[in-house]
There are 2 protein chains.
Amino acid sequence: MGFELYYSPKPPTDGQLVITGSEARHIARVIRHKVGDVIGVTDGAGAEYEVKLAEVKADRVAGRVLSTQSGAREPKHRVTIAQAVLKGDRLAQVCEQATELGVSRIIPVQTARTVGRLSAARLARLRAVSLAALKSSSRTVLPGIDAAIELGGLLKANNEFDQTLVAYEEETGPGLEAVLKRDAGSVLIVIGPEGGFEPSEIDALKTAGAVSFSLGPRRLRAETAAVAVAAMTLGLLGDLG
Amino acid sequence: MGFELYYSPKPPTDGQLVITGSEARHIARVIRHKVGDVIGVTDGAGAEYEVKLAEVKADRVAGRVLSTQSGAREPKHRVTIAQAVLKGDRLAQVCEQATELGVSRIIPVQTARTVGRLSAARLARLRAVSLAALKSSSRTVLPGIDAAIELGGLLKANNEFDQTLVAYEEETGPGLEAVLKRDAGSVLIVIGPEGGFEPSEIDALKTAGAVSFSLGPRRLRAETAAVAVAAMTLGLLGDLG
């Protein structure tokens, strides 16, 4: 299905899917679907339903499930971006574009040079942006967006991943292609804040097993680095075409 | 030089560089450089000067050139993005991020499903955004941003490039890595509008020698596709780390 997906986390009952809340209102009032229309719905956990609508009301949309798929259009590799918290809407841009590209999880990180905190309201907004991107990009698995953690906490989570990489602007050695393991099922890639990492943070990351790589001699804004890294990683792993 | 560059297109005379206009005001009043400070200046055409300031006034900043470099931090390959005109600020986002990443030229294109026109005022704004990105990313060659042309005009310019590729959302075949020639000195990559290309446009591009590639099964917004393609192309050519 190439069209926009709708989102409803509730599973079907006896082959009937019921959508309520704002998504029902959107389907009925904004898109103005009619009884008999066939729509695509995902639960954001991998399931995708083709649903023939039997009832279209602003508070309740329901229909029969014609077919079910699992994990359609999802990448084969799990790419997690640990992004230092950025000012303003920049972290939302990262969450939006990373979701479209196929990133599995985003971990906002507080580092020494991070400016600002990630409030509960900002975190909720990041998750809303990511959900909108899931729907527009026809993904079926909603990326997890963690609450922000300190770099020390990230170092402890590090061994959940087959490989941990860090984009370091002082690195003059290998690029991403040279360090990325093609057989890693899951990779964590750490991207710094606007002001970069402190050398002690890079040391701590390396001690925890991270491998640093260079994005070349030009200075990239953090959000450009994050999107470039997501695209290059998924591309090199064969998950972007 | 890792710091932000200043921009002044005028060449030095007898080893003295003079900066006037808004850039002089920025250096004197915003950054508040002092006599004796050493700054980096690029002419946007490849030259980069290390300048020791001897005069700092809001309308005139001048100093002695300590050293000159050419083409520092520039990619070895010329990557041109032909991007269908997008609504609102989305084309500005493409110009900003493509400049940071190292794209050489951006050609806005009017296609069948393009919404809106690229006015002279919008084009001027794209160039201003690209110039700001040149300075923040420490590039020394300002990407050319053409006035918008029709797709037919682009097809005629096509043979200026060693290879022409088009990201096509209906393509189910090869990805970028499979089609990109590593020995191409210059590559033109065409990215469609929000609504995609019409099949007749893809046919015309292929007849003109373009090779289509897939960005995978997820739907990317046009600006995400453009930035992903710029990053993946420069990465695969060895120009991004």
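**Figure 1. Helix α1 of chain A, laid across a sheet.** In this predicted model, helix α1 (residues 21-30) of chain A lies across β1, β2, β4 (47-57) and β5 (60-70) of chain A, and runs at about 95° to β2(A). Helices (H or I, at least four residues) and strands (E, at least two) are DSSP runs, numbered from the N terminus. Axes here are lines fitted to C-alpha atoms, for helices over the stretch in contact, with angles between N-to-C directions going from 0 to 180 degrees. The sheet in chain A is an open one of 5 strands, ordered β1-β3-β4-β5-β2, with mixed pairing. Its edge strands are β1 and β2 (16-20) of chain A, each pairing on one side only. Strands count as paired if DSSP finds at least two bridges between them.

A word on conventions: residues are numbered from 1 along each chain as its sequence is written, while chains are lettered from A and ligands numbered from 1 in the order in which they are written. As this is a predicted model, local features need pLDDT of at least 70 and side-chain atom pairs count only at pLDDT 80 or more, whereas totals for chains, interfaces and linings use all residues.

**Figure 2. Zooming in on A:Y7.** A:Y7 sits in strand β1 (residues 6-7) of chain A. That strand is joined by 2 bridges to β3 (residues 38-42) of chain A, and the two run parallel. Across the pairing, A:Y7 stands opposite A:T42 in β3(A). Skipping residues up to four places away in sequence, A:Y7 touches A:E23, A:T42, A:G44, A:L131, A:L134 and A:K135; contact means C-beta atoms, placed from the backbone, within 7 Å. A:Y7 is partly exposed, with 18 other C-beta atoms within 10 Å. For that count, 20 or more makes a residue buried, 12 or fewer exposed, and in between partly exposed, with C-beta atoms placed from the backbone. A:Y7 and A:E48 are 41 residues apart in sequence, with their C-alpha atoms 9.3 Å apart in space.

**Figure 3. Two loop arginines of chain B with positive phi.** B:R32 belongs to the loop between α1 (21-30) and β3 (38-42) of chain B, and its phi is near 60°. B:R32 is exposed, with 9 other C-beta atoms within 10 Å. B:R73, with phi near 65°, is in the loop between β5 (60-70) and β6 (78-84) of chain B. B:R73 is buried, with 20 other C-beta atoms within 10 Å.

**Figure 4. Helices α2 and α7 of chain A, side by side.** Two packed helices are described by the angle between their axes and the distance between the axes. For α2 (residues 90-101) and α7 (residues 222-236) of chain A, the axes come within 9 Å and cross at roughly 10°. α2(A) and α7(A) are therefore roughly parallel to each other (under 35 degrees; over 145 is roughly antiparallel, 65 to 115 roughly perpendicular, the rest oblique). Among the α2(A) residues that meet α7(A) are A:V94 and A:L101, and the α7(A) side includes A:A230 and A:L234.

**Figure 5. Where chains A and B come together.** A rotation of 180° with 0.0 Å of shift along its axis superposes chain A on chain B (RMSD 0.0 Å), using least squares on C-alpha atoms of residues with pLDDT of at least 70 in both. The two copies are thus related as by a two-fold rotation axis. In chain A, the C-alpha nearest the axis is that of A:M232, 2.5 Å from it. Leaving out neighbours within four places in sequence, B:A231 is in contact with A:A228, A:A231, A:M232, B:L101 and B:L240.

Conventions:
Contact = placed C-beta atoms within 7 Å.
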